[in-house]
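Here's a quick briefing to read next to the model.

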Amino acid sequence: MQRAVAGELDRIAPVIDDLGERFAAAGHELALVGGPVRDAMLGRHHNDLDFTTSARPDQTERLLKTWGDATWDMGRAFGTIGCRKGPWVVEVTTYRSEAYDPSSRKPDVEFGDDLVGDLGRRDFTVNAMAVRVPGREVEDPYGGVVDLAHRVLRTPGRPEDSFSDDPLRMMRAARFAAQLGFAVDPSVVAAMTAMADRISIISAERVRDELVKLVCAPYPRLGLSLLVSTGLAAHVLPELPALALERDEHHRHKDVYEHTLTVLEQAIDLEDRLGGEPDFVSRFAALMHDVGKPRTRRFVDDGTVTFHHHDVVGAKLTRKRMKALRFSNDEIDAVCKLVELHLRFHGYGSGEWTDSAVRRYVRDAGDQLDRLHVLTRADCTTRNQRKADRLRRTYDELEERIARLSEQEELASIRPDLDGNEIMAILGIGPGREVGQAYQHLLELRMDRGPMSEDEARAELLAWWAARSD
């Protein structure tokens, strides 16, 4: 670990040494702190560097302006000034302490003059380590190095005090577990469980940002399981723990909650289809795809359980939750479309769909088709290998049909063979409801029959118009 730290510090020496000397010459302390120090010990590279300093924000800004290419105010009231120099982005924050009023969403910030005191306010011991610069002395007053070696998350002080000061740290515990694959100390878990309802004072935007980071982490199951077991999920994503109460009609040996986490992991395994990077929309759709089941559960006389229309209900619940968490409209629309369409493939059977049905599948998926492929494939969690192989082969066949039709017809942008202006010219009408109805009629014909010539489309339009007028 020491070798990894030394190697990373040598790599970033042009930044940390030069900046440290400038602050020291001005009579201020400066230290690399938090994630960059932790990740240096894990052998990970960073070009985004966090520093803490005894200098006040105005003093920091003056020093950075003489050093970097550009500076900006990250949050002067919180003591943070940002700067870019070449490929490096740095944030320098004044030593501080902060605490939340029990009913407030915003911390009260006080600046300090002591590095150890500043480290004591940080969320976890593995983030409460610093390297003073330019001398490169390591400060680890709370045993972060040992906890990093043991792969455990602990708070510098009592977790109850830490979470009382900033309840978002409870979600950060789940997020870091998901990002690092670390265990969470039992005392931290106990405090999270006892104080879960305190997350309600945190803004939806901050909760959302932590949730996105967690879902996009390498081990999201660890973080999500912690949110559920501590009761935090009941406040920030209640649809998830609700799934543990239901039994999946296809997999009675496990509940829908466990099925959902498996689908999420299988979707992650298929992300190479989407470019290989963590894809939040795909992952969150996998997480939410069955949230409509609790609302739609019905018991049948023969002892089976059904969840009819849980796709539609789930899309509505997903939209409501994502709006509450202040996601963008584009993200909401994308995830909800996937949730609503995730069952569509099961109507394909053994390939009974007509070309018309395949066209509608592509049209309805729109720009989410690749993600729908991922979600549909990931949704197969059967332990019956023969059944799993059959489903995979059938979906392979569907994708091949889509590819063949796409080559012939440009499926991704299916439109009627006549546009609105041509419809109005042929029928001799102006803009209005009739144009939209005619357009929809031609679109349905396009889906059923494939491309038509202009003469064929004109004849069909006139026939439809004549029949409508009768």
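Helices (H or I, at least four residues) and strands (E, at least two) are DSSP runs, numbered from the N terminus. On that count the protein has 24 helices and 13 strands. This is a predicted model, so local features need pLDDT of at least 70 and side-chain atom pairs count only at pLDDT 80 or more, while totals for chains, interfaces and linings use all residues. Residues are numbered from 1 along each chain as its sequence is written, and side-chain values use heavy atoms, with hydrogens and water left out.

**Overall layout**

- Taken along the principal axes, the C-alpha atoms fill a box of roughly 90 × 55 × 45 Å.
- Of the 470 residues, 49% count as buried; buried means under 20% relative accessible area, exposed over 50%, and partly exposed in between (1.4 Å probe, protein chains only).

**Salt bridges**

- A salt bridge here is a side-chain nitrogen of Lys or Arg within 4 Å of a carboxyl oxygen of Asp or Glu, and by this rule the count comes to 39.
- Asp39 and Arg44 pair up at 3.9 Å, N to O. Asp39 is buried at 6% relative accessible area, whereas Arg44 is partly exposed at 37%.
- Asp113 and Arg56 form a salt bridge at 3.4 Å, N to O. Asp113 sits in the loop between strand 7 (108-111) and helix 5 (115-120), and Arg56 in the loop between strand 2 (48-53) and helix 4 (57-65), so the pair ties together parts that are 57 residues apart in sequence. Asp113 is exposed at 58%, and Arg56 is partly exposed at 28%.
- Asp396 and Arg377 meet at 2.6 Å, N to O. Asp396 belongs to helix 21 (residues 385-409) and Arg377 to helix 20 (residues 369-378), so this pair links parts that are 19 residues apart in sequence. Asp396 is partly exposed at 31%, while Arg377 is buried at 17%.
- Salt bridges with shared partners join Arg344, Arg360, Arg363, Asp364 and Glu444 into one network.

**Negative surface patch**

- Asp419, Glu422, Glu454, Asp455 and Glu456 make up a negative surface patch.
- Patches take residues with over 30% relative accessible area and no salt bridge, joining like charges within 9 Å and nonpolar side chains (Val, Leu, Ile, Met, Phe, Trp, Tyr) within 5 Å. The areas come from the Shrake-Rupley method with a 1.4 Å probe, and for residues only the protein chains shown count as cover.
- Lys and Arg count as positive and Asp and Glu as negative, leaving out His and the chain ends; each charge is placed at NZ of Lys, CZ of Arg, CG of Asp or CD of Glu.
- Helix 24 (residues 454-469) gives the most to the patch, with three residues.
- Asp455 lies in helix 24 and counts as exposed at 61% relative accessibility.

**Helix 22**

- Ile423, Met424 and Leu427 are buried in helix 22 (residues 420-427). They cover an arc of only 95° around the axis, which puts them on the same side of helix 22; the arc is that of the directions from the helix axis to the C-beta atoms.
- Asn421 and Ala425 are exposed residues on the face turned away from the buried side of helix 22.

- The peptide bond from Val133 to Pro134 is cis, with omega near 15°. Pro134 sits in the loop between strand 8 (130-132) and strand 9 (137-139).
- Arg151 has a positive phi near 55° without being a glycine. Arg151 lies in the loop between helix 6 (144-150) and strand 10 (152-153).
- Arg326, also not a glycine, has a positive phi of about 65°.
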